[in-house]
Amino acid sequence: LEFAALGFVNFPSGIGINIMNETINASLGWSEKDLPKQKLTIVTDTLQADGHFALTHFVALFAKAHQQVCFVGLDQTFIHYFSVLRKFSINLKTLASEGKFHYINAISNPYSWTEDVFSESSNPMAAALQSIANAAPFRIDKTASDPLKKLYDMISRQISNAEAKGDAICIVLDCLNYLFDSLSSNQVLDFVQAVKSRIESSATQSTAVALVHSDSIEAVDLRSLLHFSDLSVIVAGFKTGSFKDIDGQVQLIMRYPAAPP
């Protein structure tokens with residue numbers, strides 16, 4: 001296999017994220033009419049430079065193309081992403097009602113104390129968002145021989161549903177560190193490979209993107225994830241320090257099949 005570094009993009013703060021996303025699309029040839037052909041994208045970040053913006057970029061790209069998104073929440077809550085994407089004119093509540101957005105709630109005991117409040121709330125919006133957030137719960141059963149099979153089946157079902165409608169679908173995994181902290185490395189890596197294989201077998205132009213915090217994962221596991229990926233998005237701070245209005249830089253590394261001898 002061969003790799004090609006497509007260069008660096010500065011990682012700005014605030015509204016500059018829009019400009020950076022446009023630059024990434026231009027570098028990779030992505031658009032609403034030409035969605036990512038890479039089957040698995042691994043996004044790595046650090047405490048110094050947050051990579052969650054890349055996940056919202058994938059959601060926005062597929063949403064604007066009127067395709068589907070299956071979001072597996074392992075880190076940030078659904079409410080967080082609902083708020084962030086509203087800034088980019090993406091309404092997850094509307095997308096969910098149209099069958100274009102599906103949320104798998106894999107956060108351990110997610111704000112259970114709020115469930116009664118929301119269900120009895122006079123605020124219809126709050127109740128609707130809570131309904132979306134808890135529509136498809138998932139909990140890791142460490143006693144199971146394959147604790148991630150149920151999660152894989154939930155994802156595969158959404159891919160099949162999208163295929164039946166002729167839609168592409170983007171599987172978003174936010175983020176893998178929780179799985180590595182809870183299970184063995186082999187179990188998590190096998191799960192990632194299984195999701196990639198399911199995407200590769202899809203009849204539509206679908207993709208998967210997963211975030212991993214590189215400074216809180218074993219180096220060997222990070223190397224394995226990057227090896228599996230078709231595209232690596234490396235989000236990092238500057239070694240020489242910070243700059244005004246620029247939080248860091250993004251490196252894009254594409255993986256190509258080796259040319260035959």
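I looked up where helix 9 meets helix 10 in this predicted model. Ser 185, Leu 189, Val 192, Gln 193 and Lys 196 of helix 9 are in contact with Asp 221, Ser 224, Leu 225 and Phe 228 of helix 10 (contact means heavy atoms within 4.5 Å; helices are DSSP runs of H or I, at least four residues, numbered from the N terminus).

I then looked up the packing of this pair. Two packed helices are described by the angle between their axes and the distance between the axes. Helix 9 (residues 185-200) and helix 10 (residues 219-228) pack at about 10 degrees, and their axes are 11 Å apart (axes are lines fitted to C-alpha atoms over the stretch in contact, and angles run from 0 to 180 degrees between N-to-C directions). The two helices are therefore roughly parallel to each other, a term for angles under 35 degrees.

I turned next to the largest nonpolar core, which has 43 residues (a core is a set of buried Ala, Val, Leu, Ile, Met, Phe, Trp, Tyr and Cys residues joined through side-chain atoms within 4.5 Å; buried means under 20% relative accessible area, with a 1.4 Å probe and protein chains only). Phe 78, Leu 92, Phe 101 and Val 172 touch the most other members. Helix 2 (residues 52-64) gives the most to this core, with nine residues. Apart from it lies another core of 35 residues, including Leu 189.

I noted finally that buried residues make up 50% of the 261 residues in the protein.

Residues are numbered from 1 along each chain as its sequence is written. In this predicted model, local features need pLDDT of at least 70, side-chain atom pairs count only at pLDDT 80 or more, totals for chains, interfaces and linings use all residues, and side-chain values use heavy atoms, with hydrogens and water left out.

Terms used
Parallel < 35°, antiparallel > 145°, perpendicular 65-115°, else oblique.
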